[in-house]
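Hello,

Here is the structure we talked about. Please open it and keep it in view while you read my notes below.

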Amino acid sequence: MAEALEGPILTTGDLVDDFERQFAAYLDREYAVGLTSCTAALQLALLAYGIGPGDEVITTPLTFVATANAILQVGASPVFVDVEPETGNIKADLIEHAVSRATKAILPVHLYGQMCDMRAIRGIADRHGLVVIEDAAHALESKRHGVGPGELSDAACFSFYATKSITSGEGGAAVTNTAEISVQLKKLRSHGMDLIAMDRYRDRYQHWDVDRLGWKYNMDNIQAALLLPQLEHIEERWHRREEICKRYEVAFSAVPGLDFPKVLPASKSGRHLFTIWVSPERRDEVLLRLQERGVGVVVNYRPIHLLSYYRRTFEYGEGMFPAAEEIGASTISLPLYPKLTDEEVEYVIEAVSEAVAKA
Ligand SMILES: Cc1ncc(COP(=O)(O)O)c(C=O)c1O
């Protein structure tokens, strides 16, 4: 951080380059591009693949609104497909039915950290000539049958928002194995300019040009300085979250009226969120009781198609994606972070068991 603050370049510079190299190496991908958010990464990845007005992008309604907003922000339309009841992830079997002449991309989200079936999704994309862009905001550490984010897709997008595995408060990155896409992403993050500030002034001033419209989404050296040392702690932090999740799973298996999403065989979940499912009629009562006991809770997620803007704009309504709606009405996310002590974990388990029994 001192190096970042004392150096001549506070904005995108050598520390961002270092972070991009090390982040790509952690994921075993060719290129990473540092951005201001995962939303920016999704938007720019879609643009880099030429997706825009008139195009459709198939995705899940059970995700943070950023996923679908990014599709709208490039002028394309999200086409929702329902989810698997046991994981909350997009149901690969249903994707093919949603493919139309306008479909250009599939945008899977690895919900809570469980990877989608990327082999199946890649197969569908190849049969129909589609691009695959992963929303891997929950899946930095994830694997399924040995496949990690960015391995079978055309680009994978990550978030360094305050609650993520590594964080710079706000921040994000896109990774890809395609050199030309990484060049486009770097251009698109700086207004479409062909030289960034550091290169414009490196020796003597150079003129720059813009040959396509871009945005202002470049990661700066200060964000990179915050992120770089955290790369070394990704796995150790993941191990502690895994330990906490395992403890929750053992305890909650014995509580009647409570279920939770499954980590599928041959998968390593990123363990980004631990959510429980209670019956929709009791969910808000349980939420209330947990807050009364000082347990922090969140709802991830009320499905996007039921949010007012989406209902109004696309005439979505209840009953269109029943599995996503059922999970959205049942879910409660519990505290999950490495500094949670064993005593605190036990307290949460006791509070949840009591709240569910009384509701
Ligand atoms: C699944 C998912 N996608 C996208 C985002 C957006 O990330 P950001 O806040 O970095 O834009 C989030 C953020 O929480 C997320 O959970």
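**Pockets, cavities and a surface patch**

The second largest pocket holds about 200 Å³ of space. Keep in mind that this is a predicted model. Of the 14 residues lining this pocket, K186, R189, D194, I196 and D199 are the closest to its centre. Two elements each give two or more residues to the lining: α7 (179-188) and α8 (197-200). The largest share comes from α7, with three residues. By class, the lining of the second largest pocket has seven charged, five nonpolar and two polar residues.

Now go to the largest pocket. Its space comes to about 810 Å³. It is lined by 37 residues, and the closest to its centre are Y161, T163, K164, H272 and L273. Which elements give two or more residues to this lining? They are α3 (38-48), α4 (66-73), α10 (234-253) and β11 (331-334). The lining of the largest pocket divides into 16 nonpolar, 15 polar and six charged residues.

The largest cavity has a volume of about 120 Å³. Its lining has 14 residues, and Y112, P261, V263, R271 and L273 are the closest to its centre. Six residues in the lining of the largest cavity are nonpolar, five are polar and three are charged.

The second largest cavity has about 60 Å³ of space. Residues from several parts of the sequence line it. Among them are A136, A137, H138, A139 and L140. F158, S159 and F160 also belong to the lining, as do K164, S165, I166 and H272. By class, the second largest cavity is lined by seven nonpolar, four polar and one charged residues.

M1, L5, L10 and L226 make a nonpolar surface patch of about 360 Å². Find L10 in the loop between α1 (2-6) and α2 (14-27).

Best wishes

Note on methods
Residues are numbered from 1 along each chain as its sequence is written. This is a predicted model: local features need pLDDT of at least 70, side-chain atom pairs count only at pLDDT 80 or more; totals for chains, interfaces and linings use all residues. Side-chain values use heavy atoms; hydrogens and water are left out. Patches are made of residues with over 30% relative accessible area and no salt bridge: like charges are joined within 9 Å, nonpolar side chains (Val, Leu, Ile, Met, Phe, Trp, Tyr) within 5 Å. Accessible areas come from the Shrake-Rupley method with a 1.4 Å probe; for residues, only the protein chains shown count as cover. A salt bridge is a side-chain nitrogen of Lys or Arg within 4 Å of a carboxyl oxygen of Asp or Glu. Helices (H or I, at least four residues) and strands (E, at least two) are DSSP runs, numbered from the N terminus. On a 1 Å grid over the protein atoms alone, a cavity is a set of points where a 1.4 Å probe fits but cannot get out, and a pocket is an open set with protein on both sides within 12 Å along at least five of seven lines; lining residues have an atom within 4 Å of a point. Grid points are joined across faces, edges and corners, and a volume is the space filled by probe spheres set on the points. Ala, Val, Leu, Ile, Met, Phe, Trp, Tyr, Cys and Pro count as nonpolar, Asp, Glu, Lys and Arg as charged, and the others, Gly among them, as polar.
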